[in-house]
Amino acid sequence: MAVSSNDGERRGWRAAAEEALYGPEGFYRRPEGPAAHFRTSVHASPLFAGAVARLLCRVDRLLGRPAELDFVDMAAGRGELAGGVLAALPGEVAGRVRVHAVEIAGRPAGLDPRIAWRGEPPERICGLLFANEWLDNVPVDVAEVDRDGVPRRVLVGRDGTERLGEPVAGEDADWLARWWPLPAEPGLRAEIGLPRDTAWARAVSRLARGLAVAVDYGHVSGERPWYGTLTGFRDGRETAPVPDGSCDLTAHVALDACAAAAPAGLTGARVLTQREALRALGVTGARPPLTLASERPADYVRALARAGQAAELTAPGGLGDFGWLLQPVRLPDGAEVLPDTAGGAGLFVDVPDDEEH
Ligand SMILES: C[S@@+](CC[C@H](N)C(=O)[O-])C[C@H]1O[C@@H](n2cnc3c(N)ncnc32)[C@H](O)[C@@H]1O
């Protein structure tokens with residue numbers, strides 16, 4: 001661990017990242033938006049927005065086609081997903097849907113006027129709340145085991161140099177013990193995911209009926225990385241995490257902990273891979289038949305391009321390994337928004353309904 005002399009300016013990673021990302025000069029306040037620095041599934045292909053639109057249509061049917069259906073693009077970036085979903089919806093649904101983009105940054109110029117831009121989700125959502133790559137940007141503190149085997153809060157300066165602070169205590173220590181227990185081996189690290197659990201529970205609590213989905217790189221109990229995952233991104237490249245506003249600061253999400261944090265009484269949370277979720281929504285990387293090339297060459301080329309994009313969205317070792325946390329809210333008994341494929345194949349497991357912190 002690097003150490004320098006100006007210890008007085010150091011604070012926990014959570015506070016440091018909060019300012020570096022969302023403060024007045026923060027990384028996410030910049031006009032160019034996240035897409036200038038990294039590619040999410042939303043930017044990889046319009047097939048992603050198409051799949052989310054189909055998911056919204058499924059939720060709509062399960063809700064009995066309400067007169068006012070909500071689509072909430074939570075942590076909307078520059079509203080790219082909101083716009084893509086609107087464009088992909090069948091006319092009848094597009095006529096009924098209210099689209100809300102929830103973002104800390106300001107409304108981008110030229111955004112479709114049908115998209116409402118807001119700082120918080122609506123109080124009462126009936127429909128689909130979809131959060132793509134939000135929770136990994138909810139700042140968290142980092143714990144590191146000291147030479148006596150005690151987990152301590154990592155303090156960081158604006159230049160990224162670190163030292164160990166006080167032992168982790170209170171609800172953060174409880175969270176670590178429950179979700180990310182650290183063996184007494186010096187240097188092991190964990191990201192304390194409690195603020196993400198709280199943020200997710202708050203967002204889910206805004207749903208009167210429907211489905212909430214969080215999509216992120218994640219991990220589950222028993223498979224946590226030994227040294228954590230905190231990292232930076234700038235100009236399309238991974239970089240050292242430095243909380244000075246110059247780069248994104250991100251850490252993978254303990255999706256099982258978020259799932260278990262859902263408001264009391266809500267059951268049925270599941271976590272599956274993006275590969276499984278997108279396949280269930282009709283996105284596959286299957287190549288078109290060669291016969292199409294001679295019969296309808298233009299269609300063949302288009303289908304080939306679609307297959308390439310679908311392959312990227314579902315790729316092992318890439319976007320396909322993202323986790324989809326699904327939280328149904330007061331949907332009809334037995335309703336299945338996506339076929340239950342998580343049990344056998346996926347990286348993740350079902351989350352027990354009765355789990356609590
Ligand atoms: C990695 S970007 C993802 C953008 C978009 N969802 C996508 O997939 O391309 C994360 C975004 O979350 C926003 N964000 C973080 N915390 C937020 C919050 N509490 N409310 C609204 N937006 C938030 C950031 O400003 C940033 O634009």
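Tutor: A cavity here is a set of grid points where a 1.4 Å probe fits but cannot get out. The structure is a predicted model.

Student: Which residue classes make up the lining of the second largest cavity?

Tutor: Its lining consists of Trp175, Trp180, Glu191, Gly193, Arg196, His219, His252, Val253 and Ala254. Gly counts as polar in this scheme. The division is 4 nonpolar, 3 polar and 2 charged residues.

Student: Which elements give two or more residues to the lining of the largest cavity?

Tutor: The lining residues include Trp13, Ala17, Leu249 and Thr250. The elements with two or more residues there are helix 1 (13-22) and strand 14 (248-250).

Student: Which strands are joined to strand 5 by bridges, and how do they run?

Tutor: Strand 5 (residues 125-132) has 8 of its 8 residues buried. Strand 2 (residues 69-74) is joined to strand 5 by 5 bridges, and Asp73 has Phe130 as its bridge partner. Strand 10 (residues 207-216) is joined to strand 5 by 8 bridges, with Ala212 as the partner of Leu129. The strands asked for are strand 2, which runs parallel to strand 5, and strand 10, also parallel to strand 5.

Student: What geometry does the ring pair of Phe48 and Trp324 have?

Tutor: A search of the whole structure gives 6 aromatic pairs. In the pair of Phe48 and Trp324, the ring centres are 6.2 Å apart and the planes stand at 75 degrees. Planes over 60 degrees apart set the class, so the pair is edge-to-face.

Student: How many residues apart in sequence are the parts tied together by the pair of Phe130 and Trp324?

Tutor: The ring centres of Phe130 and Trp324 lie 5.3 Å apart with planes at 80 degrees, so this pair is edge-to-face. Phe130 is buried, at a relative accessible area of 0%, and Trp324 is buried with a value of 0%. Phe130 belongs to strand 5 and Trp324 to strand 17, so the parts tied together are 194 residues apart in sequence.

Notes:
Residues numbered from 1 in each chain as written. Predicted model: local features only at pLDDT ≥ 70, side-chain atom pairs only at ≥ 80, totals over all residues. Heavy atoms only, no water. 1 Å grid on protein atoms, 1.4 Å probe; cavity = no way out; pocket = protein on both sides within 12 Å on 5 of 7 lines; lining within 4 Å. Helix = DSSP H or I, 4+ residues; strand = E, 2+ residues; numbered from the N terminus. Buried < 20%, exposed > 50% of the residue type's maximum accessible area, 1.4 Å probe, protein only. Pairing = 2+ DSSP bridges. Phe/Tyr/Trp six-rings, centres within 6.5 Å; stacked < 30°, edge-to-face > 60°.
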